[in-house]
Amino acid sequence: MPDGPTLADLRADIDAIDDEIHDLLMRRTDIVSRIGALKKANNSADLALRPGREAAIIRRLALRHHGPFPRSVIVRIWRELLSGQVAVQGPVSVAVFAPDGISAYRDLARDQFGIRATLTDHRSVNPVLQAVSGGDASIGVLPMPLGERPDPWWRGLVTDNETVPRVIARLPFAVSGAVDPDRTDALAIARVDPECTGDDVSLVAIETDGDISRDRMRDALKASGMDASWVGMWQDTDDSGRALHLVSIDEYIARGEPRLDAFREKAGEAVRRAMSIGGYARQLDLDDIGAPA
């Protein structure tokens, strides 16, 4: 007779572990339901989604994980778990930029928001913005801003109206290795403020109506305590000289950040305003995580 447990014994152990996992999942769902009830009681249940909190959870688990089970599968399991438990608190609808023949943004939306989310395709970006702004969709998924464009979608977020959507997440959150030029990334927008996760990227729009160089603006931002990288730009076609610049800043910048006012003062009259249009948790590189301490 062989020493140690038999194959049947080991399978029984796995069944018992599965039951424990399932019990914990049901317990977690019960707590999520109670959180949803508290939000409703406090009139704060407009959108159960908290991408910053979700990113922090996945980042923490990825950092503590060890052993042969792939981190990428851990991320996939928890993405679906978190999305499913958001759905427990209320339906999630996603308006997706999905031009003819391109499914990449829809795939990103499904991976991020789970199989229970209702996805609606739109062939252009403006209907996505309108769906989220009008409350027909909880979330919008739009392409990453890139360079100078005649009518970039992010212009619609440059307003003091607090009901206008803001950038809340970058998709995908978890990536592997160096940037793949063939990889499609996207931004998610919603009518909520992004949350600080401790490792964030913020998007700031700068409106100018005079002759001012990027170097001057970059120096003024740095002097105000913010290091910026240029993401996109829009130039008015009339003779006003008005332009919008979109920059990324490697930290959390909230609405009304005092350093943005300091930047305007340092940059001079050519800068009319500078405002955060949202942000996201910095992408997690699964190949750049060492063994847990």
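Modeller: Partly exposed means a relative accessible area between the buried limit, under 20%, and the exposed limit, over 50%. This is a predicted model. Arginine 218 has a relative accessible area of 31%, so it is partly exposed.

Biologist: Which residue does arginine 218 meet in a salt bridge?

Modeller: Aspartate 215. The two side chains meet at 3.1 Å, N to O. At 51% relative accessibility, aspartate 215 counts as exposed.

Biologist: Why are residues three or four places apart in an α-helix on one side?

Modeller: An α-helix has 3.6 residues a turn, so residues at that spacing point the same way. Now the case here. Arginine 218 and aspartate 215 sit 3 residues apart in helix α6 (residues 214-223), so about one helical turn separates them.

Biologist: How many salt bridges does a search of the whole structure find?

Modeller: The search finds 21. Take arginine 76 and aspartate 111, whose side chains meet at 4.0 Å, N to O. Arginine 76 lies in helix α3 and aspartate 111 in helix α4 (residues 104-113), so the pair ties together parts 35 residues apart in sequence. Arginine 76 is partly exposed at 32%. Aspartate 111 is partly exposed too, at 41%.

Biologist: Which residue forms a salt bridge with glutamate 207?

Modeller: Arginine 272, with the closest N and O atoms 3.3 Å apart. Arginine 272 is in strand β11 (residues 271-281) and glutamate 207 in strand β8 (residues 200-208), so this pair links distant parts of the chain, 65 residues apart. Read the accessibilities next. Glutamate 207 is buried, because its relative accessible area is 4%. Arginine 272 has 43%, so it counts as partly exposed.

Biologist: Which residues do salt bridges with shared partners join into one network?

Modeller: Glu207, Asp209, Arg242, Arg272 and Arg273.

Biologist: Now the aromatics. How is a pair of rings described?

Modeller: By the distance of the centres and the angle of the planes. Here the count comes to 1 aromatic pair. Phenylalanine 97 and tyrosine 105 form it, 5.4 Å centre to centre, with 55° between the planes. That makes the pair tilted. Both residues are buried.

Biologist: What span does helix α1 reach from its first C-alpha to its last?

Modeller: Helix α1 (residues 7-41) reaches 51 Å with its 35 residues. That is close to the 51 Å expected at 1.5 Å a residue. Val32, Gly36 and Lys39 are its buried residues. They pack against α3.

Biologist: Which residues form a nonpolar patch on the surface?

Modeller: Phe69, Val73 and Ile77, with about 230 Å² of accessible area together. Phenylalanine 69 is in the loop between α2 (51-64) and α3 (71-89). It counts as partly exposed, because its relative accessibility is 41%.

Biologist: Is serine 248 buried or exposed?

Modeller: Buried, with a relative accessible area of 12%. Serine 248 lies in strand β10 (residues 243-249). Leaving out residues up to four places away in sequence, it touches Val201, Ser202, Leu203, Asp227, Ala228, Ser229 and Val231.

Biologist: Last, the whole chain. How many helices and strands does it have?

Modeller: It has 7 helices and 12 strands. Buried residues make up 44% of its 293 residues. Its accessible surface comes to about 16,200 Å², and 50% of that belongs to carbon and sulfur atoms.

Methods
Residues are numbered from 1 along each chain as its sequence is written. This is a predicted model: local features need pLDDT of at least 70, side-chain atom pairs count only at pLDDT 80 or more; totals for chains, interfaces and linings use all residues. Side-chain values use heavy atoms; hydrogens and water are left out. Patches are made of residues with over 30% relative accessible area and no salt bridge: like charges are joined within 9 Å, nonpolar side chains (Val, Leu, Ile, Met, Phe, Trp, Tyr) within 5 Å. Accessible areas come from the Shrake-Rupley method with a 1.4 Å probe; for residues, only the protein chains shown count as cover. Helices (H or I, at least four residues) and strands (E, at least two) are DSSP runs, numbered from the N terminus. Buried means under 20% relative accessible area, exposed over 50%, partly exposed in between (1.4 Å probe, protein chains only). The expected span of a helix is 1.5 Å times one less than its number of residues. Contact means heavy atoms within 4.5 Å. Rings of Phe, Tyr and Trp (its six-membered ring) pair if their centres lie within 6.5 Å; planes under 30 degrees apart count as stacked, over 60 as edge-to-face and the rest as tilted.
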